[in-house]
Amino acid sequence: MANDITFSITTTRFDEDYAPAENSRVTTNFANLARGEGRQQNLRNALSMIDRRFNDLAATDNPRGDRYRIELDIVSVQLRFGDGADDEQFPVIEVLDVHIVDTLTGERHQGIVGNNFSSYLRDYDFSVVLPAANAGATGFTVPDDFGDLHGKLFQHFLASDAYRERFPQSPVICISVSTSRTYRRTGTVHPVLGVEYEQDAFSLTDEYFGKMGLQVRYFMPRGSVAPLAFYFRGDLTTDYSDLQLIGLISTMETFQKIYRPEVYNAVSAAGAVYRPTLDEPDFVRTDIDYDREERSQLAVVQGRYAEEHFVKPHRRILDQWAADYAAPVR
């Protein structure tokens, strides 16, 4: 039954000339940056921030501070029912693929795929399923099977020929820490990832990514003011090179400074015990336009789109597939 669902991949260069594809999720964060009159300057500024942060973290072999340049590709994943070229497809996932260019030697290094994570089905789960489950409820409730289908489809994608033929390593997703949890320093310090934190309890996002086969650790890199959440398979600290980890950090910390400046561009750095908040008054805004309220509204639109065009029309085959699917043993 698993062979009835296959995947294909397309890529789009994310640079100052980037324009969202017609089937790109409008809530995708990098698509949000690429709209409006100042779209090109927005993109140019964001990419410059990434390069500066990378060169800062790679300072030991980078005395001039401009040795490295980052190139980003948006990886768009389409799900297909059946394995024929004419079978119906649905856009399911978008992530970023990082390439590191050494301008001193001319070498190109493969970075980490993942970074940002966008998913139509996740919008459906969080913006349609979860609100419906809590409508009229006396307390917050999460359905027992919440995220099961999404998690199995994601793991099926990682085991697919489409993924394995293109990407030699497992992905790492790097996002903001949860404002509903408290984080404490563990005493562990990684030379690139920085100071490690641990949370007081798993957040709903942690549990959702867990169903995708990903574990989580939290680190605050040198020069950062708040920890980032890293979701990964295997061993985050040994499976990737220093340059790969620096590429991940510089890319996603830049986006978080744009998306959540109250947390990641705060004036004061996180202490030994840290509770992130979007109500922090003492922070610096970037000079990059980003409409966070619009993104929240569009998440509902995208969730309903997934419900109408993906979940409802294919409910029977999806339920049967999920019931038969066993996640691969790692």
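The model is predicted. In total, the structure holds four cavities of 30 Å³ or more.

**Stop 1: the cavity lining.** Select Phe7, Leu79, Val92, Ile93, Ser119, Leu121, His150, Leu153, Phe154 and Phe157; these residues line the largest cavity. Colour them by type: eight are nonpolar, two are polar and none is charged.

**Stop 2: the elements behind the lining.** Show strand S3 (89–102) and helix H4 (148–158), each of which supplies at least two residues of the lining of the largest cavity. H4 makes the biggest contribution to that lining, with four residues.

**Stop 3: helix H4.** Keep H4 on screen and turn to its burial. Nine of its 11 residues are buried, so the helix is mostly covered. To see the buried positions in H4, select Leu149, His150, Gly151, Leu153, Phe154, Gln155, His156, Phe157 and Leu158.

**Stop 4: phenylalanine 310.** Next, centre on Phe310 and display its surroundings. Apart from neighbours within four places in sequence, Phe310 is in contact with Leu79, Phe81, Phe90, Leu121, Leu153, Tyr305 and Leu318.

**Stop 5: the nonpolar core.** Phe230 and Phe310 touch the most other members of the largest nonpolar core, which has 92 residues. Finish on helix H7 (residues 242–259), which gives the most to this core, with nine residues.

How values were computed
Residues numbered from 1 in each chain as written. Predicted model: local features only at pLDDT ≥ 70, side-chain atom pairs only at ≥ 80, totals over all residues. Heavy atoms only, no water. Core = buried A, V, L, I, M, F, W, Y, C linked by side-chain atoms within 4.5 Å. Buried < 20%, exposed > 50% of the residue type's maximum accessible area, 1.4 Å probe, protein only. Contact = heavy atoms within 4.5 Å. 1 Å grid on protein atoms, 1.4 Å probe; cavity = no way out; pocket = protein on both sides within 12 Å on 5 of 7 lines; lining within 4 Å. Points joined across faces, edges and corners; volume = space filled by probe spheres on them. Nonpolar A, V, L, I, M, F, W, Y, C, P; charged D, E, K, R; others polar.
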